[in-house]
Amino acid sequence: MTTTRRQFLRGATGSLGFLAAASSLPRWMGSAHAATLGGYAGSRVAVCVFLLGGNDSNNVLVPRLGNPYQHYRDARNVLRLELDQLLTINPTGLAAGAYGLHPSLTKVRDHFEQGRAAFVCNVGPMVLPLTKADYTASLAVPENLFSHSDQQDAWASALANPTTSTLTSDLKVTGWGGRTADKLHVLNTSTPPDYPEVTSFGGKQRFSVGGTRKPLMVAADGTLAFRTTTTPPSAFDQLQSQALQDVMGIQDGVALEASYAGVFGTAQTFARARAEAREEAWSRIDGVTRGKIETLFETPVGKDRWSLHVQLYQVVRDLVAGAIPAASGGLGLKRQVFSVGFGSFDTHQNQDVDHPELLAQLDYGLDAFQQAMNLLELDPAFGANAPQSTLFTMSDFSRTLLENSEQGTDHAWGGHALVMGNRVAGRKLYGTFPDLDLSGTLDGSTDNKGRWIPTLSVEQYGFTLASWLGLSTVAERDYVFPNLPGYVQDAVTRGFPALAQRYKLAFMLPD
Amino acid sequence: MLRRTTLALAFCAVSCAEVEGPPEQSPPPAAALGETQQAVDSLETPGEANSIRFLEQSSFGPRLGRNVSPAPVGTVEHVMAVGIPQSLTEQFSLQPAAPFNGDVAAADLGSQFFLRAVSGEDQLRLRVAFALSQIFVVSQLDIPESPRTAYSDPKTALAAHLNLLSTHAFGNFRTLLEAVTKSSAMGRYLDMVNNRAFNGAGDRIDPNENYAREMLQLFTLGIPKLNMDGTVQIDPLTGKPRTAYTEEQVQAFASALSGWTWKAAACPAKGGAINVPDYTQPMMPCNANHDERSQQLLRGVSTTAGGTAAVHLQQALDNVFNDPNVPPFISKQLIQHLVTSNPTPAYVNRVALVFKSDANGDRGNLMSVVRAILEDAEARGAQPPLALRPGFGHLRSPALFVTNVVRWLDPTLDLTKDPGLRLSNWSRSMGQWVPRSPSVFSYYPPNAPAPDTDGLLGPEFAILDTATITARANFVHELLYTNPAAITVDYNLLPSDNAALVAWLGRYWLHGTMAPALEQRLLTALADPDAGVVLRKKKLALYLTSLSPSFQVQR
């Protein structure tokens with residue numbers, strides 16, 4: 001094959017003829033070592049929850065015992081959580097009550113204690129494993145640390161060195177969700193063909209963009225449809241729609257016009273398929289279950305500005321549409337990735353007021369989603385193949401342990417991420433919790449404010465999730481996470497702790 | 001207040017409801033225009049296409065004079081009559097009919113913005129201020145309400161911010177930077193207000209770095225060190241880009257800019273704060289909360305040891321203003337907002353040199369910079385230079401898409417029905433909710449790539465996805481087919497004959513660049529029996545043309 005699939009699609013986006021042609025290509029073409037459904041024959045989805053602005057995970061997960069708690073107190077005068085405020089958790093392998101969660105996270109605490117949630121500690125963008133000396137000498141330090149946009153991109157792309165990386169420029173602007181979709185695409189024999197693996201209602205756009213696979217971006221309220229003058233569309237509407245489709249193919253030899261037309265083609269093709277599949281698939285779910293799910297996601301009184309639960313409700317609707325087989329009116333997708341997110345985590349000021357509210361929104365949305373998944377697991381529509389979900393958080397960075405003068409905290413680096421789902425090996429902390437002692441050696445911090453040098457990389461975190469979805473071969477791994485082999489190799493060569501030497505973490509249950 | 005900003009608007013006297021009735025007969029009004037096309041297309045005597053392009057770049061959309069004599073300011077005919085340089089001179093002196101109004105009772109600021117954009121005379125001032133608002137970002141979404149003020153804090157703050165940018169749009173960059181730095185809206189947005197160098201016990205603490213960092217990264221320097229032509233400087237030893245500033249310099253600027261608070265009768269004690277916001281005045285300096293020590297700024301320059309908050313602010317801003325990164329960093333972004341996403345390095349260089357020193361030897365004269373951008377050979381002519389055409393232009397941002405469509409259609413706006421809010425909500429649906437950018441990185445970042453182009457920039461594409469591109473189509477659909485009461489289009493102003501209609505759209509909306517294939521596809525659609533009556537055909541042609549790639553990318 002002399003033209004890549006991508007060039008093929010690119011050259012033909014002006015008309016929809018490409019869809020029919022693409023569907024007739026063998027699924028394995030160009031993917032000799034393919035991703036595998038091996039783990040699960042039913043539908044699996046991963047849901048990225050992006051906490052935009054930099055979540056202060058120092059106040060999400062707090063050590064409760066002995067010196068660590070005292071060190072935490074020492075750094076935080078206004079923002080500290082007292083022992084009686086912390087929600088005690090009992091992670092496997094640690095002393096009882098060794099850690100506590102922020103008081104807003106009551107439902108997350110329950111899911112954690114019931115084994116459905118885990119924390120991945122001090123994870124962040126990395127190129128190579130770093131000691132403090134490496135950091136001080138500026139060796140392999142991620143580009144533009146502490147900058148929102150760059151660090152959001154680093155998390156979303158799993159590429160902390162976009163300038164110096166030898167990756168081609170078109171892949172540098174993709175995300176690891178989208179690149180995972182590039183490789184999982186062979187597993188999805190959807191109707192219509194080539195339905196996007198990734199659907200985004202919010203979060204960081206780059207995460208969803210693949211090299212060959214483009215995401216379906218949808219408004220947070222779930223709407224994606226072209227207006228017509230009548231319902232159902234009249235002959236005039238069909239004439240107008242067809243003419244517009246043709247007009248998109250006329251691009252004057254101008255590159256940006258082709259870019260625009262490409263986005264338009266994706267939207268026009270899949271908007272209607274999605275709308276129809278959502279309605280049809282949802283009707284296959286037991287009415288009582290549907291009612292319970294709708295109730296779970298109702299907006300709490302006075303929380304009209306909350307958005308996460310609105311987005312996660314749409315994820316439920318779209319994952320059901322994806323999981324119901326095409327023969328029953330669904331899309332028949334085996335693997336999907338979703339992106340949601342919400343902002344205002346940049347708590348330089350008044351964190352004591354704002355952060356609890358943000359975490360309350362997180363707690364509410366995550367709990368509603370997990371409960372909905374628990375209900376769907378029992379729904380007869382899926383038989384033995386109920387959809388499985390793993391929800392995971394990302395954020396620009398964590399924040400300084402040392403509070404600033406305005407009841408706030410500033411930009412930092414490594415932080416704690418949350419994973420939740422029935423396939424998570426929960427009630428556990430993974431990774432190494434940082435040393436919070438700001439009067440000590442500061443070996444684990446860039447400076448005396450408590451900006452943790454990550455001891456796990458975004459790639460290790462991401463690859464664990466991507467392999468749960470079905471990424472299998474070394475080539476696939478290195479395509480989606482190009483810095484991961486070098487990271488692990490360097491950790492081995494220079495004798496970093498065992499965790500740094502692993503490609504994958506243990507927070508997903510084995511299949 | 002809205003009524004005072006109106007210029008060429010008429011009220012719907014009786015009924016704005018439109019009946020899709022029998023075909024109209026009225027002839028196209030501007031048939032004689034082509035005869036005035038100049039043989040020599042120069043700055044002083046620009047042709048019609050060149051003049052339309054100029055108005056696409058320098059206003060919120062070209063308008064037609066429609067035989068009004070003399071042709072009103074801002075119309076294609078006027079630009080052709082007086083030339084580009086004189087058009088610019090006129091625009092530089094125009095002032096807003098009224099400032100943005102932050103009163104609770106006033107219309108939403110987005111509504112005020114769009115009304116001024118579609119009907120105000122001071123087109124270039126607002127266009128440049130809008131570009132500046134996407135560099136010096138303050139978002140109405142992130143100014144909290146305070147129970148201590150008698151007004152709406154977010155609205156008052158943003159009205160003041162937009163007025164500040166409008167006032168300084170053609171002034172000096174250094175003056176603008178200082179006004180922004182001291183402004184209470186920015187002070188709150190990026191935490192410079194009440195940013196103290198001491199706690200209540202009198203011990204030194206590290207001030208908040210937020211404003212210092214974003215001022216360096218987004219308002220003045222950017223992250224990599226730049227050549228004058230906007231290209232990135234690479235360190236030959238490491239092969240990596242040189243950076244424009246260090247972490248230590250961020251902290252130095254944070255210290256140098258510490259000690260400012262809300263305007264009040266007196267400063268608080270050391271470590272204390274003023275807790276009553278005042279968004280009607282700039283912040284004031286309080287030396288008790290200022291880090292008086294000398295700070296190492298850029299290029300080896302230090303602030304004076306023992307200096308006051310006010311003195312250190314001047315030294316810090318002078319230092320950053322004089323950095324060689326500022327001219328290319330700001331010039332390139334202004335070019336991207338006005339003309340093209342991918343200017344050649346030579347174009348950036350020409351404009352940056354004017355930023356560095358204009359004809360009078362002034363640095364940072366934005367009036368000279370804007371003139372240099374719009375009079376440049378890369379921006380002028382009936383079409384972009386031939387060799388640059390494949391990579392030229394920029395996707396119309398949602399706001400510009402809305403205003404360009406509306407100004408071409410020249411509708412009657414019913415000011416009792418808040419047409420500006422309608423326009424603003426359409427822009428919002430496409431991902432640009434004025435003045436409420438989702439973050440300090442504005443609606444879209446200047447370095448965002450255009451999809452599938454292998455390296456071209458396309459900042460506006462950062463907010464173009466399946467959802468917002470659907471919203472683009474739905475905006476046009478709603479405007480044309482639901483006949484919004486606040487915005488009444490007189491379709492009699494368009495030619496009724498199919499061929500004349502398509503020719504008219506090609507000549508004006510696409511300034512003579514309509515490809516034969518597009519022309520043919522439109523004619524085929526209009527000739528289809530399902531196209532319906534003449535009015536329906538006009539709407540069909542408008543829908544297809546406005547959403548065509550040829551129109552969506554401003555060239």
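This is a predicted model: local features need pLDDT of at least 70, side-chain atom pairs count only at pLDDT 80 or more; totals for chains, interfaces and linings use all residues.
Residues are numbered from 1 along each chain as its sequence is written, and chains are lettered from A, with ligands numbered from 1, in the order in which they are written.

Let me start with the two chains, where 69 residues of chain B are in contact with 55 residues of chain A, contact meaning that the C-beta atoms of two residues, placed from the backbone, lie within 7 Å. On the side of chain B that touches chain A, α18 (466–481) of chain B is one of the elements supplying at least two residues, and α18(B) has the largest share, with 9 residues. Helices here are DSSP runs of H or I with at least four residues, strands are runs of E with at least two, and both are numbered from the N terminus.

Turning to the domains, whose bounds come from an automatic or database assignment, chain B is given domain 1 (1–6 + 44–171 + 393–473), domain 2 (172–367) and domain 3 (490–555). The centres of domain 1 and domain 2 of chain B, taken over C-alpha atoms, are separated by 26 Å, and their contact takes 33 residues from domain 1 and 31 residues from domain 2. On the domain 1 side, α7(B) gives the most, with 8 residues.

What about B:Leu544, and which residues is it in contact with? Leaving aside neighbours within four places in sequence, B:Leu544 is in contact with A:Ala243, A:Leu244, A:Val247, B:Leu522 and B:Ala525.

Finally, chain A has an open sheet of 3 strands in the order β2-β4-β3, with antiparallel pairing, where two strands pair if DSSP finds at least two bridges between them. Its edge strands, each pairing on one side only, are β2 (61–63) and β3 (87–89) of chain A. Between β2(A) and β4 (residues 99–101) of chain A there are 3 bridges, and A:Pro63 stands opposite A:Tyr99 in β4(A). In general, strands of a sheet pair through backbone hydrogen bonds, either parallel or antiparallel.
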